Amino acid sequence: MKPISVFDCISLTVYSFTFLLGLPANLLVFFVYVRKAQKHGATPNVVYTINLCLSNLVLVAWMPVKSAYTVLDIWILPELLCPIYNFFVVASLYGSGLLLTAVAVGRYLSIAFPISYKLYRRARTSCMISALLWAIVLLHLSLALVAEKGAYFVSPFMPNTSKCYENFTREQLDVLLPLRLEMAILLFAVPLLLSVFCTLRCLALVKRSCLSAGSKRRILAMELSALMVFVVCYTPYNLSHVVGFITDSNMHWRREAIVSSCCNVFLEPVVMLMLSPSRPKDLLWKVCSKQNPKQHQVKETLATKQRATTSVKGQLDPESVKAT
């Protein structure tokens, strides 16, 4: 086992936050939005948020493997798990980015074209869009797996030095580098430009609206927070694809670049809670308020008795008696 460097400590800290904060946060948002869909029906925002939570939970499930790989610096699991691990991690990252873009586009359309957008604002349409986005991601990652030509990207040069998806042959790089560039453009750069455009247009429309200054500041904070999560979390990893294509090599800092991408797991739930129509402090109540019918009836009875007592007190008030 290699000595743990400073950056390894930073990586392990990020992975620990990703697991310890991302797991409960995404489960909380997931159950809140599922319950909302059950009570009020699914909306596009609900569909995209549930997909985001599932995508983040997939990444959270692989965090212990990623932490162990960072500490040991060797791949000790069976070779078959290497492409499966890499497939789900990268699929989660790109899927989350595309879903964030879909949320940004939906917000812009609802503000800029409220009447026209309402005609197409259906949960079924959002489900189809989500399925299409996932199909695009899975297609690209499947092509990347085909490029390995039967290998599992586990390359043992010497005993106890196995690496997962790090050392490639020249033939593999000839296929992977253009594919990575295309993924960086199609799955990151285009969604990023769409998100920037929609966010700026939303802010411009809100600025000209009749909303109060406090509401405008709240919307500004929400929109910019969502955009900053997209930029900060996904830029370094996709930049490694662009630089790798330019230099015609596999960048050694790709493992470091993916660290910031893992932060989306515990940052995106915060953004989705901010974008929720309900106030964040009410969301825990929505989850915890799931009571059985008997408890609900008892509370209703107590409230009715309290209202009746108040009414009787008002009728027996001395001033009311004197007036009579």
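This is a predicted model: local features need pLDDT of at least 70, side-chain atom pairs count only at pLDDT 80 or more; totals for chains, interfaces and linings use all residues.
1. Cys 164 has a partner: a disulfide joins it to Cys 82, with an S to S distance of 2.0 Å. The link is right-handed, at 95° about the S-S bond. It ties together distant parts of the chain, 82 residues apart: Cys 82 sits in helix H4, while Cys 164 lies in the loop between helix H6 (123–146) and helix H7 (170–207). Cys 82 is buried too, at a relative accessible area of 0%.

2. How many disulfides does a search of the whole structure find? The count is 1. Cys 202 is buried, at 1% relative accessibility, whereas Cys 127 is partly exposed, at 42%.

3. Now to the second largest pocket, which holds about 440 Å³ of space. It is lined by 24 residues, and those closest to its centre are Lys 66, Tyr 69, Glu 166, Arg 254 and Arg 255. Helices H1 (6–40), H3 (63–72), H4 (81–112) and H9 (254–262) each give two or more residues to the lining.

4. Which element gives the largest share of that lining? It is H9, with 5 residues. By class, the lining of this pocket has 12 nonpolar, 7 charged and 5 polar residues.

How values were computed
Residues are numbered from 1 along each chain as its sequence is written. Side-chain values use heavy atoms; hydrogens and water are left out. On a 1 Å grid over the protein atoms alone, a cavity is a set of points where a 1.4 Å probe fits but cannot get out, and a pocket is an open set with protein on both sides within 12 Å along at least five of seven lines; lining residues have an atom within 4 Å of a point. Grid points are joined across faces, edges and corners, and a volume is the space filled by probe spheres set on the points. Helices (H or I, at least four residues) and strands (E, at least two) are DSSP runs, numbered from the N terminus. Ala, Val, Leu, Ile, Met, Phe, Trp, Tyr, Cys and Pro count as nonpolar, Asp, Glu, Lys and Arg as charged, and the others, Gly among them, as polar. A disulfide is a pair of cysteine sulfur atoms within 2.5 Å. Buried means under 20% relative accessible area, exposed over 50%, partly exposed in between (1.4 Å probe, protein chains only).
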